[in-house]
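Please read this briefing with the sequence and the model side by side.

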Amino acid sequence: MPYSAVILEREGGHVTAELQLPVEDLAVASGLDLRTLPTADLPAATPAMRSYLSRHVHPTTDDKPWSVRFADFTIAGTGSYRELIVHAELTPPGGTSATEMTFGYDAIVHEVVTHTVLVSVQDKRVGEIRVDNRTMKVEPLTVAFPAERPWGLLAGAGAVAVLAVALRFRRRRFA
């Protein structure tokens, strides 16, 4: 895979993130060679991975940094292709909400200039992070999260249609 993926989801006052990083490019960019690392040995490499990612994941709001906590690390893949899967929790600074952030992220792309990071929010692709060939810089991506639905499933159009049919049936039945 010539790219990484970052999947973001807003959950109340914070954002969860799943980072999917190809270990080939990660080894080139970070010096962390996970290509042949047995899964059982992954916990020993976790501090170095956490340190590397801490230097390359920087969400902000109004130039105020969010806190980033990397929760777990796993390796997935088949055959010669392997990727590092990292789950993280991103929390905005006090007094700000988790509705929008400037996603400063340059893991792998800071060294592998042909690498691209695909960023999605709740299964919808919102942008790409890559090296700008003109400036050779990696610019952050502005990410806006959809508003939370106060009534859960009832806020969906399908549920509204079902509710309308149910109310029409109820009126007929009890009229």
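The model discussed here is predicted. Its 4-stranded open sheet has the order 4-3-7-10 with antiparallel pairing, and a separate set of pairings joins strand 8 to strand 1 in the parallel sense and to strand 9 in the antiparallel sense. The model also holds 6 salt bridges and 1 aromatic pair.

**The open sheet**

- The sheet made of 4 strands in the order 4-3-7-10 is open and antiparallel, and its edges are strand 4 (64-65) and strand 10 (141-144), each of which pairs on one side only.
- Strand 7, which covers residues 100-105, pairs with strand 10 over 4 bridges in the antiparallel sense, and within this pairing F103 stands opposite L141 of strand 10.
- The aromatic pair of the structure is formed by F103 and Y105, whose ring centres are 5.4 Å apart and whose planes make an angle of 20 degrees, so the two rings count as stacked.
- F103 and Y105 are both buried.

- Strand 8 is largely enclosed by the rest of the structure, because 5 of its 6 residues are buried.
- S120, a residue of strand 8, is buried at 14% relative accessibility, and beyond residues up to four places away in sequence S120 touches V6, I7, L8, R125 and V126.
- T116, also placed in strand 8, is buried with a relative accessible area of 10%; leaving aside neighbours within four places in sequence, the contacts of T116 are P2, Y3, S4, V109, E128, I129 and R130.

**L8 in strand 1**

- L8 belongs to strand 1, which covers residues 3-11, and L8 is buried with a relative accessible area of 0%.
- Apart from neighbours within four places in sequence, L8 is in contact with residues including V15, A17, L90, M101, V119, S120, V143 and F145.
- Although L8 and A88 are 80 residues apart in sequence, their C-alpha atoms are 9.5 Å apart in space.

**Helix 1 and its surroundings**

- In helix 1, which covers residues 23-30, the buried residues are V23, D25, L26, A27 and A29.
- These buried residues of helix 1 pack against strand 2 (14-22), helix 2 (42-54) and strand 6 (83-91).
- Just after helix 1, G31 takes a positive phi of about 80 degrees.

**Salt bridges**

- R35 and E24 meet through their side chains in a salt bridge with an N to O distance of 3.5 Å, and this pair links distant parts of the chain, with R35 in the loop between helix 1 and helix 2 and E24 in helix 1, 11 residues apart.
- R35 also meets D33 in a salt bridge, here with an N to O distance of 2.8 Å, and E24, D33 and R35 are linked in a network of salt bridges.
- E89 is partly exposed with a relative accessible area of 28%, and R69 is partly exposed with 47%.

**Positive phi outside glycine**

- D62 has a positive phi near 50 degrees although it is a residue other than glycine; D62 lies in the loop between strand 3 (57-61) and strand 4, where D62 is exposed with a relative accessible area of 65%.
- M136, likewise a residue other than glycine, has a positive phi near 60 degrees, and M136 is placed in the loop between strand 9 (124-130) and strand 10.

Note on methods: Residues are numbered from 1 along each chain as its sequence is written. This is a predicted model: local features need pLDDT of at least 70, side-chain atom pairs count only at pLDDT 80 or more; totals for chains, interfaces and linings use all residues. Side-chain values use heavy atoms; hydrogens and water are left out. Two strands pair if DSSP finds at least two bridges between them. Helices (H or I, at least four residues) and strands (E, at least two) are DSSP runs, numbered from the N terminus. Buried means under 20% relative accessible area, exposed over 50%, partly exposed in between (1.4 Å probe, protein chains only). Contact means heavy atoms within 4.5 Å. Rings of Phe, Tyr and Trp (its six-membered ring) pair if their centres lie within 6.5 Å; planes under 30 degrees apart count as stacked, over 60 as edge-to-face and the rest as tilted. A salt bridge is a side-chain nitrogen of Lys or Arg within 4 Å of a carboxyl oxygen of Asp or Glu.
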